[in-house]
Amino acid sequence: MDFQNRAGGKTGGGGVASWSESNRDRRERLRQLALETIDLNKDPYFMKNHLGSYECKLCLTLHNNEGSYLAHTQGKKHQANLARRAAKEAKEAPSSMQPEKPRIEPKKFVKIGRPGYRVTKQRDPDNHQQSLLFQIDYPEITDGIIPRHRFMSAYEQKIEPPDRKWQYLLFAAEPYETIAFKVPSREVEKTEGKFWTHWNKDTKQFFLQFSFKLEPKIIPPPPPNMRMPHPGRAMFNPAMGVVPVPPHM
């Protein structure tokens, strides 16, 4: 058969290669290219099984020889899986490469009991605003420690059944035990002069004062207007025993 005069043929160049020949030539070129860029000894996805064939652990494909595997590494499927794996590792890398948070070891100390305290109820003579003054004594407080305080809702504690009408004010300072005061669950006014704290280093006393916000006064509505009697008619009063006179017709 004459292949020189076929479409696409070249005089003196032989016949046009078939699809299988072109595919074989393409795979050979890919194998040669892969040999220049890939070292099978360092490829983490290259594996030889017990049957003597080769597997790609990334794509889970089976290959008869190294050339087939090398050609596979240059294909779309393998390249797409490599890109997907790189994106996944890049996404997980920031969380895994973050420096470990320094561990804060809990302070170890022997508690020596509860501190002394004094609570004073106060009322402003002008607007009758209620306030509380707390004085906590810490004569054996650890050097460099400043007493701390915070408000806690009734639902945070586990000692008493929660009641939304009450809240707790906590004071803590090492080596004393933490103490809590049960106060009404009203809004606290934290403006300047209404809420303040003071730590006296000389007398080892901690002071805290806060005021409750004034509740708005509710003015009762005026009584409904009484209906006026009809002119010309007298009101009947059973206590007086007077029967009204009917009007003239």
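A hairpin of 6 residues connects β7 to β8. Strands (E, at least two residues) are DSSP runs, numbered from the N terminus. β7 covers residues 166-172 and β8 covers residues 179-184. The two strands run antiparallel and are joined by 6 bridges. Strands count as paired if DSSP finds at least two bridges between them. L169 has F181 in β8 as its bridge partner.

The model is predicted: local features need pLDDT of at least 70, side-chain atom pairs count only at pLDDT 80 or more, and totals for chains, interfaces and linings use all residues. Residues are numbered from 1 along each chain as its sequence is written, and side-chain values use heavy atoms, with hydrogens and water left out.

F181 also takes part in aromatic contacts. The whole structure holds 12 aromatic pairs. Rings of Phe, Tyr and Trp (its six-membered ring) pair if their centres lie within 6.5 Å; planes under 30 degrees apart are stacked, over 60 edge-to-face, and the rest tilted. The ring centres of F134 and F181 are 5.0 Å apart, with the planes at 55°, so this pair is tilted. The pair links distant parts of the chain, 47 residues apart. F134 belongs to strand β5 (residues 130-137), F181 to strand β8. F134 is buried, at 1% relative accessible area. F181 is buried as well, at 11%. Here buried means under 20% relative accessible area, exposed over 50%, and partly exposed in between (1.4 Å probe, protein chains only).

The rings of F151 and F210 form an edge-to-face pair, because their planes stand at 85°, with the centres 5.5 Å apart. This pair also links distant parts of the chain: F151 is in strand β6 (residues 148-153) and F210 is in strand β11, 59 residues apart. F151 is partly exposed, at 22% relative accessibility. F210 is buried, at 0%. Y117, F134, F151, F171, F181, F195, F206, F210 and F212 make up one aromatic cluster. Over the face of F195 lies K190, 5.7 Å from the ring centre. A charge sits over a ring if NZ of Lys or CZ of Arg is within 6 Å of the ring centre and within 35 degrees of the ring normal.

Charged side chains were examined next. The whole structure contains 5 salt bridges. Each requires a side-chain nitrogen of Lys or Arg within 4 Å of a carboxyl oxygen of Asp or Glu. E174 bridges to R148, with the closest N and O atoms 3.4 Å apart. E174 lies in the loop between β7 and β8, and R148 in strand β6, so the contact ties together parts that are 26 residues apart in sequence. E174 is buried, at 11% relative accessible area, whereas R148 is partly exposed, at 42%.

R150 and E156 form another salt bridge, at 3.3 Å from N to O. R150 is partly exposed, at 39% relative accessibility. E156 is partly exposed too, at 42%. E187 and K213 meet at 3.1 Å, N to O, in a further salt bridge. This pair links distant parts of the chain, 26 residues apart: E187 is in the loop between β8 and β9 (188-189), K213 in the segment after β11. E187 is exposed, at 52% relative accessible area, while K213 is partly exposed, at 37%.

E215 also lies in the segment after β11 (205-212). E215 is exposed, at 58% relative accessibility. The C-alpha atoms of E215 and R186 are 9.4 Å apart, across 29 residues of chain.

How values were computed:
Helix = DSSP H or I, 4+ residues; strand = E, 2+ residues; numbered from the N terminus.
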